[in-house]
Structure formats: C-alpha cells, structure tokens
Amino acid sequence: MKPFILAIFALVVISFGANQILLNSGFSSADAGTSHENVRLSN
Amino acid sequence: MIRFLSLIAIIVTFAASASAQEAAGESRASTGGAQTLADILERQEGLKVDETFRSEATGNPDAAAPITNQLGTLGGASDPELWRAYRFGSADISTQSRGPAATTVIQDGGMWWLEFREDTLLTIAVYLLGGTFLALALFYLVRGKIRIGGQKTGRTITRFKAFERFGHWLLASSFIVLGITGLFSLFGRKVLIPLFGHETFSFIAVGSKWVHNNIAWAFIIALIIIFFAWVVHNLPDRTDLRWLAKAGGLFGGEHPPAKKFNAGQKLIFWAVIVLGGSISVSGLSLLFPFEYNLFGHTFSTLNSWGVPGWFGASDLPFPLQPQEEMQYAQLWHALVSLILTAIIFAHIYLGSVGMEGAFDAMGKGEVEEQWAREHHSLWVQDVLGPDDNEKEKV
C-alpha cells in the first residue's frame, strides 16, 4: 500500500513542480504566444 | 390552362437541371480563369480540388499604377487577390504574435480535421471503449473469475519490489487521470455541455486541461521507470509461443509454464511502452505547439519510400502548415490513446475482478505460492530454486 500512496504523492509533486518549472522558464502560453516587441516599431 | 402551366414547370425544371450539369462540366476558359461549378461541387463533397489555377492569382504589386495617378493608391492586388494570398500563404503578413503559426491567417485544410474530430473520432471512441467493456463483461459472464485451481499453501512469494510497484502505480494513476481528462476534452462539446451547460463545462475544461498537461510528466517519468525495471523480463522467448498456443489457459485447461511475465503480460508491456511512448511524443508536440513538428517530415519520408503506393493511395500531404501539424498530432494522440485505453481495460480486468490472487501482486507485492505455481511456474522455480521446488512437490 505504501508504494501506491507514495506514487499518488509523487504524482501531485511532479504535476505542480512541472507546472512551476515551465512557468518560470518562459514556457507559459502567454510567453510562447506573444511578443513584447511592437510590430509597428520593429517593422 | 393548368396542364399548360404544368408542362412549362416540367420543362423549366429539366432545363435548369441540364444547365447545372453543363455548368459542372464547363471549362476554366468559360469562367475567365475563375473557379467553375465543378470545383465548388467537388469542394463541397470533400474531394481534392486542384487549386493551382488560383493559388498564384494574387495580384502583381509591381503592376500597380503610380501614386501620381488617380487610382494609384489601390495597389497591384484586388481584394479577392489579397484574400487568395492569405489563403495560400503568399501574403506578406506582419503580426504582433511571432509564433510559427501566427502568419497563417487562413488555414484552408482544417475542415476535414474538425469534422473527423467532432464526429468520426467520437464514434471510434464509443465503439472501441464500449465494445471492449462489453466484451470483457461477456467474458466474465461466460468464463467467470479465474480461480486458483490447487490447494492454497498459505505461503507467499515476493512478486514485485516496492520500487516496481511505485513505478506501476505512478503510471497507472497518471494514465487513469489522463484518460478521464482526455475524454472530457474529447466529448466536452457533444456530451458535457448538453448535460451540465457552458459555465459548468468551462470550469471542468479549464481544470481538465491544467491537470492533463501537468500530470503528463508523471506518466512519462513512470513510463521510463517501468521500462528499465521490466524490459529484461519482457524479452520474447520460446515459452511465449507455447503460452500463446494455449491462450494462456484463459479459456480453461492447464496453465502453460511462464517466467516472471507470461506472453500476454509481455504484449501488454510492449503495448504500453510503444503506444505510451508514441502518446508521450505526440503529447509533447501538443504541449509545445508548433515547436516539434512530427508529421510533415514523417509524411515526406513515407512518400519518398513510396509507402502510400503500397496501399494504392496517393502521396501523403506535404508540406504541412503549422496548424495541420497540430491537427495530425491531436488525431494521432487521441487515436493511440483510445487503443491503449482499450488494452488497459483488459489489463485492469485480469488484474482485479477477472483473476483470483492477481491483484495481490501489485497491492501487497506478495502472491500466494500456489497462484504463482499455476501462472508463473518457471519463475517460481527460479525464485525458490529447483531443490525447494522439488521438496514442495514431495
């Protein structure tokens, strides 16, 4: 039973951990889908 | 008078029909180079239409009248020509978003995907998962629970170590959550919105997406764990042929000898590794949209080998627009996931209600010695040693 509970705990830790890592690494959908440059100025 | 009017009506009806048939067969020259009724009808039927006649007709800016002329500011492309340039990807587009797909303003080939995803894919899911569930229920009714045949010894053998069970449960729990949230996404519009309404489904959909995207990492990690933990025990050998020839004793008769994993379990293992790996790769492609394009390169390679021709099909589409890459990845991800889910249904059945003593292997890690002798006789010999085994027989 312990491995099962540990797996569920790991599932939660990995899920929240992965989310935080991706958000802080610039992989959020907002970061990946938009540009900070102004299209009118740069073009 | 009525007869006369009826005659006129019949003539007009047939004349209009004949005119339409003529129009369908009319040449490009008769429309001044524009599309014909035949093109429109073929497109409506979902047939492939040769678009070369208009894909290049996007105007000529160099031919624009000078700005000193009265009409000079109109440029060298008409509105239809500009829209064609959008549709066929030749327009010079600047966007605030700099993603790879940002400059595809019109994606011309997405309707077949939408129709397949909204209709055919759901039908496949219902038949595959529902059919597997019914088949297992029928098998249970006919065969019943597979009991331990001999006398129980009261002794147990360690079947799986804690680390193996951790890997299994991490994979199983993540797969179940991924399956449920995936089905929420797949059936949301057709089933959940009519049942719960838009607002409730919005909450479910946002939550499902977050959970699905982030638990995916646990699934990938668990897949790697179980691969390295069990690959040695899942290499095929001669005992598998004998096991398969007797269908593992599933339908009665004696249980054929098997090592730690029998041929059925090996098939499940490799299905999980290959299909789970494929689901992971296509999932990563969807998780980082437009970054990892899998299908364009694959289609190009298959075309160069002539693979579609082996099946009498025409070449696979290439090159693909960024959105098309995502559409193929979504379909592949969903279809392979559905196939693996159906296989896992059978695995869950045999590991729980279908076989006495099987759940203990993953539940406690220890199995009844008699169960092990019946289902994994060669493995028991390895674990207990030939001497102990002979003693037990005596």
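This is a predicted model: local features need pLDDT of at least 70, side-chain atom pairs count only at pLDDT 80 or more; totals for chains, interfaces and linings use all residues.
Tutor: Helices here are DSSP runs of H or I with at least four residues, and strands are E runs of at least two, numbered from the N terminus. Residues are numbered from 1 along each chain as its sequence is written, with chains lettered from A and ligands numbered from 1 in the order written.

Student: Where in chain A is confidence highest, and where is it lowest?

Tutor: H1(A) is highest, at a mean of 94, and helix H3 (residues 39–42) of chain A is lowest, at 53. Chain A has a mean pLDDT of 80, with 70% of its residues at 70 or more.

Student: What span should H1(A) have?

Tutor: Expected span is 1.5 Å times one less than the number of residues. With 23 residues (2–24), H1(A) should therefore span 33 Å, and its end C-alpha atoms are 32 Å apart, which agrees. Just after H1(A), Gly26(A) has a positive phi of about 80°.

Student: What do the buried residues of H1(A) pack against?

Tutor: Helix H6 (162–196) and helix H7 (198–230) of chain B, where contact means C-beta atoms, placed from the backbone, within 7 Å. The buried residues of H1(A) (20 or more other C-beta atoms within 10 Å of their own) are Pro3(A), Ala7(A), Ala10(A), Leu11(A), Ile14(A) and Ser15(A).

Student: How do I read two packed helices?

Tutor: By the angle and the distance between their axes. The axes of H5(B) (residues 111–143) and H12(B) (residues 322–351) come within 9 Å and cross at roughly 5°, so these helices are roughly parallel (under 35 degrees).

Conventions. A residue is buried if 20 or more other C-beta atoms lie within 10 Å of its own, exposed if 12 or fewer, and partly exposed in between; C-beta atoms are placed from the backbone. Two residues are in contact if their C-beta atoms, placed from the backbone, lie within 7 Å. Axes are lines fitted to C-alpha atoms, for helices over the stretch in contact, and angles run from 0 to 180 degrees between N-to-C directions. Angles under 35 degrees count as roughly parallel, over 145 as roughly antiparallel, 65 to 115 as roughly perpendicular and the rest as oblique. pLDDT is the predictor's confidence in each residue, from 0 to 100.
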